[in-house]
There are 2 protein chains.
Amino acid sequence: MGSVEKLPHPFDPLIPGEIEAAISVVKKAHGDVHFNVVTLHEPRKAEMKAWLAAPESAPRPKRIADVVVIAPGGGVYDGLVDLAGPTITYWGLLDGEQPIITMEELQLVEHIVRKDPGVIEQCRLSGIPAEDMHKVYCDPWTIGYDERFGNAVRLQQAFMYYRPDVDSCQYQYPLDFCPIYDADKQQIIAIDIPKVRRPLSKEPPVDYHPAAVNARGGYRDNLKPINITQPEGVSFQLSGRTITWQNWSFHIGFSYREGIVLHDVTFADKGVVRPLFYRLSLAEMVVPYGNPEHPHQRKHALDQGEYGAGYMANSLSLGCDCKGSIHYLDAHFPTRAGGVRTIKNAICIHEEDSGILFKHNDFRDDSVIVTRGRKLVIQQVFTAANYEYVVAWQFHQDGTIQPEIKLTGILNTYAMDPDEDTKGWGTQVFPGVNAHNHQHLFCLRANPNIDGEGNTVYVTDAVASDAPVGSEENFYGNAFYNKRTKLATTGEAKTDYNGATSRTWEVCNPNKLNPISRKPVSYKLVSREVAGLLPKEGSLVWKRAAFARHAVHVTKYRDDQLWPAGRHVPQTSGEPSKGLPEWIGDGTESIDNTDVVLWHTWGLTHFPAPEDFPVMPAEPMTLLLRPRNFFTGNPVMDVPPSYASTPSQVAAGNKGVLNAADSLSRLAFGNATGGSCCAT
Amino acid sequence: MGSVEKLPHPFDPLIPGEIEAAISVVKKAHGDVHFNVVTLHEPRKAEMKAWLAAPESAPRPKRIADVVVIAPGGGVYDGLVDLAGPTITYWGLLDGEQPIITMEELQLVEHIVRKDPGVIEQCRLSGIPAEDMHKVYCDPWTIGYDERFGNAVRLQQAFMYYRPDVDSCQYQYPLDFCPIYDADKQQIIAIDIPKVRRPLSKEPPVDYHPAAVNARGGYRDNLKPINITQPEGVSFQLSGRTITWQNWSFHIGFSYREGIVLHDVTFADKGVVRPLFYRLSLAEMVVPYGNPEHPHQRKHALDQGEYGAGYMANSLSLGCDCKGSIHYLDAHFPTRAGGVRTIKNAICIHEEDSGILFKHNDFRDDSVIVTRGRKLVIQQVFTAANYEYVVAWQFHQDGTIQPEIKLTGILNTYAMDPDEDTKGWGTQVFPGVNAHNHQHLFCLRANPNIDGEGNTVYVTDAVASDAPVGSEENFYGNAFYNKRTKLATTGEAKTDYNGATSRTWEVCNPNKLNPISRKPVSYKLVSREVAGLLPKEGSLVWKRAAFARHAVHVTKYRDDQLWPAGRHVPQTSGEPSKGLPEWIGDGTESIDNTDVVLWHTWGLTHFPAPEDFPVMPAEPMTLLLRPRNFFTGNPVMDVPPSYASTPSQVAAGNKGVLNAADSLSRLAFGNATGGSCCAT
Ligand SMILES: [Co+2]
Ligand SMILES: [Co+2]
């Protein structure tokens, strides 16, 4: 208002100037600390809702930076900076909590291990001479939690590998020992060494770089190009970071922690803007490994809380990660020393043809309507050491939201002897390489406002009637129905998946009935890739990643309850469990007809196989948030059809039919078959 | 060999000349019968395997027509015609069996009901005057099984609708009574009339034809074109109906019954052709409805056995059903009177970009490889009265086969009074329109020959170790593994889905161990959309559609055991159950290391909602057949990357990197962001 410059939207991630301002005021007050986090402290929801309802008259929510630093000596501080000053409005020392591990911290470890005499000795024992230490690499991971060390000292564990050549695939020569790194001292403080040693493999490499592929016979040359172009431009608009497309509107944020964050998701239904979700994100994940032998139990990355899906984001590139007509958004983060790091093209946005949207053909006369669909994709890729995760938020014209995650990258690997028995805890995926069983479990966080305030979650099961065959109510035995069970309290809402009943969860607004079906308006969570947490009750993973104990939890909304494994995740012991269990407490809180948050853990169990090596073909997993009883009719009936003929037109020799078939489509072999659209 | 003309491949569907030849010899011998089926009698597998192994020297399997006719008076005959003569080699009268219902039989019913005095009277009672009978339509369905009539007489039930205008959507004005049609007499022999009558709805129509949409405000105009072109042609080749693409090879058949049938599916692994499936198809389906009130229990279409996914196939059109560079195959069927009916473009074949195939980024230096994937799609669409099913067999470069079915079209609807309680058995989707709960269950039939002869099926579950937390074997409680249970007999093989263990089924070749993992080579069935059959044990549907009782059945291969609900499906009583239960018998037959057939029933339960009306946005369901321990490494490492840089190249300022990014991709808004691929 006062400024000629356009102010950032209250949901916008901090812009570089804001990051710099926050850093500057913190440095002035607290000296040369290491900056782990300088991020948007999201507006209080009550204030934000008031502003969204009346941006011209309501007070504009303040821009606040949420700051986490490590002081020399290892002290960890949480702080808040009001950027209007800028002024530090909160500063507090933490006790026994470790903040997120930055890329810079990770990158440092390799340099330390290479010089550590203990590591050099272990390498020598493995068969690597001291002069080859530059060929030794490590993937530093958070230590998870190791009871020998607790969480007062900031630690990482280093998974060790050997690269015979700088360009070699690292994961084919794993070493069998595991140094533990003290991040404050920048020293190796222990090395976990297995009882049975496994010397460095001498297997010839299976590298995947072009020179290696060419040496093995080269690339296949039988793929003809597929060109995807939008000569008239794209069908979406952006105003700042708010996108509109096909009745959808939402704000696209990006956090160091969750990566893509969507706010204020609405759908314009015949011109009436109807709210759906105040906030949507993937809020946490955990990748537990299933080998019980020490120290492999420590492998259970909570990648978002421990490293950050934003911090690990790839810089995407046109024609590689995305194809067609693409819009990119950059991401800005602090460096440890207090600069600004920019990830160019951290988010890509594009449309895709999605095949037949709807079709009906009358069997009497072949009168037909066929309409093609379109989706909007908001995508990022992040690299968690060995793994790549391709996260795509897909929006369909019919009101469906479909997050999809593709898993690719490289397996975390461990050494094995040629005749070693993996005991069922892993698979030899390459000679000398044991890839352990693991799970990829993601936690979707949805703060719905389906058609406005006051939402309730039901679990819904497809079940047969109780009445037996031959009874009056169910004489032929065919009766079945949608059994709805209200989740009235946070305790009741701890629910598991049930494949036998095709279980779904329904987020409904009990205050709004669909005038046609007379059922509450709702969005349904349809999720079928729902592996339960396999680490047992009482296990370290079960304690630390409590969100994964059930497929669904529901809590009452509170500001700042964003991340279900807690705010600071590295080195939590799980005693007590942070995040969701704290918020749920004794489970008696009502979540009926109020502001609720749905937490859904989904994912898959990965038993590695040789086809996953050296790089895994992408494996997708997906779920749907579908409108059910939300609209009074199919909301895509006004999408222009490719072809539409009516019985009267067919009777008149197809006179007057609507023919808007894609005129660039061609017959593959240019023969006589085919011809004009739908001329059957 | 002897002929200059190219002979049909033994797997090819009958060509028009063969259909004509078979009809001609049958007519000569048996007079003017009605032809329900004239189709390829598939070669005996033993002969066919011998020929496939040595096509130059082994005897070429004979071309045989499988014929089903209805003689005047209703006698049903099965016959075989050796097309070399042509000579009738088998002819047999059936007792109490009804053959598939043809489109011509279906189309006839409407003309009969319009003239039937009883129907006219019921229409009058509903509020339709006799002079408007041309506005009365019916969807004739098989009667399923009605104990009042049995199966000696060929029957259909007629679901009645009113169209105020010839171009109106039929399903918005359902009528409440149900005539029963005798196909031999061509007469209505009974009318099922509910106790409570529901007069014709007076609701204004919600038509979906262009004139109606335009009258309601017109089409949205904010979709910019997406062009998909292959200027250098497609990457697949066809020789006859045998396709080769990206190491895949298979024969594409098409039957009146199953639609697309794939034979002799192989994958060339580093030049070695490895067999995967002798035959793959969707062999049957059932759509049970969940309203127990008479006569709705009769609604449970076994669409493939009762009408045929081939007979109901749509003629597809360029730029509508399929976009890009497409190849089409036609289908040829007999007419009832003994002619040939051709469905032009019954199958479409095309390639699609499928996003990132694999990617890995080194977090140390952002050296990266990113490769885009491609899929091959073999697609058909069939219309089962109100519903459309889009069946796409998708082949991925990594050896995965992914059948996908999209459900679209229109709900089967029934009349309801304005204040009627649907009692949970259905939903009011439009005023006066009750859409009943139903399931869409499909039976995938796979006759595997994974890496050759002798296959065994295992059920595999992701489970935690039995050892408790704190025990020596599982101290930290994180142990989990892939539990494999051999299905040794047909009885043991009756298995259900278990979502809690992410259950999969593994078809393996116990005679071939993967040299790396030392596990049997296998293909894994990963299927997550697996609704169990909701009609109860002992119900009519349970008896008639026995294949749907379990997610998986396995039988020993026998010629002609193709369709799991039996050869002739209409009007079966289910006493005894046909097809699978007959073949499984007492369940003691060994299916270990032999020629096995895997039957997998999958699908979803559909509780209708207003968004499904008047036409449903397509809802996809899919499954994967994935190679696991089949290859010795990732089989797509030789797919050319879009971009690849190595650490040494990054260190040298990206000198020498492989940059083959799609050069036609563009920035959406043509601003300064972006630029050349992967130049981060
Ligand atoms: Co994995
Ligand atoms: Co349906």
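The charged end of B:Lys299 sits over the ring of B:Tyr289, at 4.6 Å from the ring centre. In chain A, the charged end of A:Lys45 is likewise placed over a ring, that of A:Tyr278, with 4.5 Å to its centre. Both come from a predicted model. A search through all chains of the structure gives 52 aromatic pairs.

**Domains of chain A**

- The domain assignment divides chain A into domain 1 (16–93), domain 2 (103–215) and domain 3 (252–349 + 375–458 + 502–628).
- Taken over C-alpha atoms, the centres of domain 1 and domain 2 of chain A are 37 Å apart.

**Helix 2 of chain A**

- Helix 2 of chain A spans residues 45–53, and its buried residues include A:Lys45, A:Met48 and A:Trp51.
- These residues lie on the same side of helix 2 of chain A, because the arc they cover around the axis is only 125 degrees.
- An α-helix has 3.6 residues a turn, so residues three or four places apart point the same way.
- The buried residues of this helix pack against strand 14 (272–288) and strand 24 of chain A.
- On the face turned away from the buried side, helix 2 of chain A carries the exposed residues A:Ala46 and A:Ala53.
- A:Lys45, one of the buried residues of helix 2, is also the lysine whose charged end sits over the ring of A:Tyr278.

**Aromatic rings**

- A:Tyr389 and A:Phe442 form an edge-to-face pair, with 5.5 Å from centre to centre and 80 degrees between the planes.
- This pair links distant parts of the chain: A:Tyr389 belongs to strand 19 (residues 387–396) of chain A and A:Phe442 to strand 24 (residues 438–448) of chain A, 53 residues apart.
- A:Tyr389 is buried at 1% relative accessibility, and A:Phe442 is buried with a relative accessible area of 1%.
- Elsewhere in the description of chain A, ring pairs join A:Trp248, A:Phe250, A:Phe267, A:Phe277, A:Phe395, A:Tyr523, A:Phe630 and A:Phe631 into a cluster.

- B:Asp167 is located in the loop that runs between strand 6 (155–162) and strand 7 (178–182) of chain B.
- Its relative accessibility is 15%, so B:Asp167 counts as buried.
- Not counting residues up to four places away in sequence, B:Asp167 touches A:Thr646, A:Pro647 and A:Ser648 from chain A and B:His209 from chain B.
- The side chain of B:Asp167 makes a polar contact of 3.2 Å with the side chain of A:Thr646.
- A polar contact of 2.5 Å connects the side chain of B:Asp167 to that of A:Ser648.
- Within chain B, the C-alpha atom of B:Asp167 is 9.8 Å from that of B:Ala211, a residue 44 places away along the chain.

**A:Thr594**

- The loop between helix 8 (580–584) and strand 30 (596–606) of chain A holds A:Thr594.
- A:Thr594 is counted as buried because its relative accessibility is 15%, below the cut-off of 20%.
- Apart from neighbours within four places in sequence, A:Thr594 is in contact with A:Gly454, A:Asn455 and A:Lys556.
- With A:Lys556, the side chain of A:Thr594 forms a side-chain polar contact of 2.9 Å.

**Backbone geometry**

- Most residues other than glycine have a negative phi, and most peptide bonds are trans.
- A:Asn345 is not a glycine, yet has a positive phi of about 55 degrees.
- A:Asn345 is part of strand 17 (residues 340–361) of chain A, and is buried with a relative accessible area of 5%.
- B:Asn654, also not a glycine, has a positive phi of about 65 degrees.
- B:Asn654 sits in the loop between helix 9 (647–651) and strand 33 (658–659) of chain B, where at 34% relative accessibility B:Asn654 counts as partly exposed.
- A cis peptide bond leads from B:Glu575 to B:Pro576, with omega near -5 degrees; B:Pro576 is in the loop between strand 29 (552–556) and helix 8 (580–584) of chain B.
- The peptide bond from B:Phe613 to B:Pro614 is cis as well, with omega near 5 degrees; B:Pro614 is in the loop between strand 30 (596–606) and strand 31 (616–628) of chain B.

Definitions and conventions
Residues numbered from 1 in each chain as written. Chains lettered and ligands numbered in written order. Predicted model: local features only at pLDDT ≥ 70, side-chain atom pairs only at ≥ 80, totals over all residues. Heavy atoms only, no water. Helix = DSSP H or I, 4+ residues; strand = E, 2+ residues; numbered from the N terminus. Buried < 20%, exposed > 50% of the residue type's maximum accessible area, 1.4 Å probe, protein only. Contact = heavy atoms within 4.5 Å. Polar contact = N/O pair within 3.5 Å; in protein donor to acceptor, adjacent residues only side chain to side chain. Phe/Tyr/Trp six-rings, centres within 6.5 Å; stacked < 30°, edge-to-face > 60°. Lys NZ or Arg CZ within 6 Å of the ring centre and 35° of its normal. Domains from an automatic or database assignment. Arc of directions from axis to C-beta.
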